[in-house]
Amino acid sequence: MHGSTVPDLRSKNSQNSLSSGGAKRMTVSSVLVVGGGITGCVAAIALAQRGTEVVLVERSPQWFGVGHGITVQGNALKVFRDIGVLDPILEKGRGFDQVRMRLADGTDLANIDVARTGGADLPATMGALRSDIQNVLVAKIRELGVEVRLATELVGFETVDDRVRAELSDGRTEFYDVVVAADGIKSATRRQLGMPEDKQPSGMGIWRAVVGRTPEMSVSGLYYGGPAYKVGFTPISDELCYAYVLTEPERPDNGLSDAAEMRRLLDGYGGDVPHIRDQITEDTFLNFQPIEWLLVKGSWHRGRVIAIGDAVHACPPLIAQGAAQCAEDALLLADHLTREGDMEKLLTEFEERRRPRVELVVQASLQLVEWEVSPTPDADPGGVMERSLKALAEPA
Ligand SMILES: Cc1cc2nc3c(=O)[nH]c(=O)nc-3n(C[C@H](O)[C@H](O)[C@H](O)COP(=O)(O)OP(=O)(O)OC[C@H]3O[C@@H](n4cnc5c(N)ncnc54)[C@H](O)[C@@H]3O)c2cc1C
């Protein structure tokens, strides 16, 4: 599979660089992006659009059709608009502006208008299939002529003067101006860079399924106070929703199939939940996983290698900001890398801009987890979500 995906159009990218930037010297002209999730894809697109030669390596042999539903907030949509992929993503997904909070029996608690974190002209929230978003990003990467190598890993690196010597699993050793590690919460690059933090258990697990929805299930629904920590759904198209149950971090060894276990967890809920539960059969695509989190407190870079996205900050998905923070990282980093100036200063400035937002998201998400796991009378999940999203509506 090595190097088998797209023709190498590096010279075309270089010409773009000259034509868009004139005679201006660019600090960075070649970047290796490690990882083809949301972070790596957005970084590759934004860098290529700024005239940088980009090679993207992805460990997986294929990067289509990944995962489940996802709830993304307006600030992610804003990034998608900035890199020219919003329309096809919105066509596939479902935008909306409210979240309905209910008690487990279906009694209404509150209808909250979600802050439009991407600006007044974008929906507050969108539900979509992860694979639909990924496919649009991949199509853009192909269109821009980014060189993609699937089934390829970064195995070693060293900063040598103003360049990074990168050793790849396809046997190549290459030099780049910068390496962007977007290799996710299990990032090997983070460890190789000597960052001491590692992913932590949150104390919760999540069951997820994609099922049909009724017309009334047109905004996100959250159910509190039942046997599970929380049950929720997000509409992802006119017909479908992405449903989830937040529960204990260990899957019980109770002899039930996955479908039977998820149905069991949804028993005892009212409102829209019986409609979700009754559709879950042995053929439903669903999965369980413990939820983890991570926050790298110190610098995210060493020399010219920088880690971004879930590789340095990953939050439990309780305010659905993970993808948005990843996308914001990627776009802002592309902006900084294509400015003129001292690299150490540019990377430090980038981190200083990003840190307050990602810390806010991680801390708020952990607070929400704590209230689910150990309820207290002063718990105010709606207030925390509202305040966090209002703060994130300020420019990144
Ligand atoms: C259960 C769950 C539900 C979530 N729900 C939401 C939600 O509703 N809304 C939301 O906004 N966020 C949600 N998130 C968070 C969101 O999914 C993540 O923040 C985001 O997808 C992380 O993107 P990433 O590109 O940084 O990492 P990843 O998506 O993990 O991508 C990393 C990529 O790097 C590749 N890779 C790893 N190592 C190497 C290597 N050495 N060389 C080459 N490639 C490598 C991997 O194969 C992978 O493709 C959820 C997370 C979880 C776990």
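Predicted model: local features only at pLDDT ≥ 70, side-chain atom pairs only at ≥ 80, totals over all residues.
Residues are numbered from 1 along each chain as its sequence is written.

Contact between them involves 24 residues of domain 1 and 21 residues of domain 2; two residues are in contact if their C-beta atoms, placed from the backbone, lie within 7 Å. On the side of domain 1 that touches domain 2, at least two residues each are supplied by helix 2, helix 5 (130-143), strand 17 (286-295), helix 10 (343-373) and helix 11 (381-392). Helices (H or I, at least four residues) and strands (E, at least two) are DSSP runs, numbered from the N terminus. By class, this side of domain 1 has 16 nonpolar, two polar and six charged residues. Here Ala, Val, Leu, Ile, Met, Phe, Trp, Tyr, Cys and Pro count as nonpolar, Asp, Glu, Lys and Arg as charged, and the others, Gly among them, as polar.

I turn now to the ligand. Which residues come nearest to it? Of the 32 residues around the ligand, they are G35, G37, G184, G309 and G322; a residue is near if its C-beta atom, placed from the backbone, lies within 6 Å. The shell holds 15 nonpolar, twelve polar and five charged residues. Helix 9 (322-337) supplies at least two of its residues, as do helix 2 (38-49), strand 2 (53-58) and strand 3 (69-73). The largest share, four residues, comes from helix 9.

Finally, consider how helix 2 and helix 9 are arranged. Their axes come within 8 Å and cross at roughly 30 degrees, where axes are lines fitted to C-alpha atoms over the stretch in contact, and angles run from 0 to 180 degrees between N-to-C directions. The two helices are therefore roughly parallel to each other, a term for angles under 35 degrees. Among the residues making the contact are I38, V42 and A46 of helix 2 and A323, A327 and L331 of helix 9. The contact divides into 13 nonpolar residues, one polar and one charged.

Definitions and conventions. Parallel < 35°, antiparallel > 145°, perpendicular 65-115°, else oblique.
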